[in-house]
Amino acid sequence: MKRNGLRIVGVAAALSLVGAACASDDNDATSTTATAMTESSTTMDDMDGMDMDAMPMGIDTGASELRSALTNLLQEHVYLAGIAISTAVADGVDAPSTTAAVETLDTNSVALSEAIAGIYGDEAGEQFLALWRDHIGMFVDYTVATASGDQAAADEAKASLDAYRTEFAAFIDSATDGELAAETTAENLQMHVNTLVAAIDAVVAGSPEAFGLLQTAAGHMSTTAQALSGAIAAQMPDQFDGAVDAPAAELRAGLTALLQEHVYLAGIAISTAVADGVDAPSTTAAVETLDTNSVALSEAIAGIYGDEAGEQFLALWRDHIGMFVDYTVATASGDQAAADEAKASLDAYRTEFAAFIDSATDGELAAETTAENLQMHVNTLVAAIDAVVAGSPETFAELRTAAQHMPSTAQALSGAIVAQMPDEFAG
């Protein structure tokens, strides 16, 4: 991984984010469960102490599950694509690191295709996967052409992406029986292309703007998920109960996006620091982008619990990021004592942060449950850091494992908030 919005508005607590849409074909499919949209690591079963049957209405409706799962997978697509492209530019297209990054990106593509197959059938899933892989290849072609200064080839790749928009939009329109019109999808896909091309240009130029531009491209996918899940739910109301834009569904999807983004931006910042040095301008830019996510999370908390709680959250959250940085620096320098000290600090943080969440939610999310969940966050991100420091190609898969833990965290937290404030999240 080297390189060469959200808000919760007071009592109304409406969360909204920005993005486009994608779908599939074959309306004869029989599978209608929203759990088809996620891997097992993103389900509530991972949260010891939390009872799925006790989840507040609106958090676990079919529509809410669907939107959150698509938010997870579509946002992840952009981050993994950005990481793969940055790796290719830094290490070379044929480098083992690039191969590993591309393979991890493809696991996301397969997961998306399986999600589509779970709704529309295997044939649709296969059609989706072929189209999805094609458009990734077009972005790769654009990257290679831009990096080599071949403007004609870059223009050709962009023309291919433009043709893809039309083909994929027709695919979506057919799959959703017109619930998501081809014109709407094609227009939204233009934003996906524009934002990711901007990020690629910055990567190739070695610009510190690359990190913020990648975040912008990833942020666009949240409304992609909302548009697609809304179309599917409208098309299949009996299979997907509830509304994708219900306050509780908004809350869960918003927290899913922010918490997953935290892990990807942290991984990118850590990898940049290891590759370029802690004091490099690129590292400073990566850390600043990570901090915009921390601030957005704190604003979400402040929107529900008040400014003082938001400030307390931000201080705690920044502290734990600093502890991961300390662990990275210690591990990279071979200072085992300092690494152990950083891990001890993270362990103490778990207790302090869990107490904060328990107090904020009036015990709806117990301290013991949060502390256990945070242990998994620490374990998975430490594993990713170890792989980064070792220069292991396992880095990319380890980071994805860490990121995939966060949707269940979002489900637990949003469930606790809705249980605590049912009137504010009704509807």
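Entry 1, a surface patch. I began with the rule for patches, which are made of residues with over 30% relative accessible area and no salt bridge, like charges being joined within 9 Å and nonpolar side chains (Val, Leu, Ile, Met, Phe, Trp, Tyr) within 5 Å. I noted that this is a predicted model, in which local features need pLDDT of at least 70 and side-chain atom pairs count only at pLDDT 80 or more, while totals for chains, interfaces and linings use all residues. Residues are numbered from 1 along each chain as its sequence is written, and side-chain values use heavy atoms, with hydrogens and water left out. I then found that V93, V140 and V144 form a nonpolar patch on the surface, with about 220 Å² of accessible area together (areas come from the Shrake-Rupley method with a 1.4 Å probe, and for residues only the protein chains shown count as cover). V144 is found in helix α3, and with a relative accessible area of 41% it is partly exposed (buried means under 20%, exposed over 50%, partly exposed in between, with a 1.4 Å probe and protein chains only).

I looked up the secondary structure and found 14 helices and zero strands (DSSP runs numbered from the N terminus, helices being H or I with at least four residues and strands E with at least two). Of the 427 residues, 56% count as buried.

I searched the whole structure and found 11 aromatic pairs (rings of Phe, Tyr and Trp, the last by its six-membered ring, pair if their centres lie within 6.5 Å; planes under 30 degrees apart count as stacked, over 60 as edge-to-face and the rest as tilted). One of them joins W132 and F168, a tilted pair with 5.9 Å centre to centre and 45° between the planes. W132 lies in helix α3 (residues 122-147) and F168 in helix α4 (residues 151-175), so the pair ties together parts 36 residues apart in sequence. Both W132 and F168 are buried, and I saw that F128, W132, Y164, F168 and F171 form one aromatic cluster.

I counted seven salt bridges (a side-chain nitrogen of Lys or Arg within 4 Å of a carboxyl oxygen of Asp or Glu). Among them, the side chains of R400 and E76 meet at 2.9 Å, N to O; this pair links helix α13 (residues 395-404) with helix α1 (residues 62-91), 324 residues apart. R400 counts as buried at 8% relative accessibility, and E76 counts as buried at 0%.
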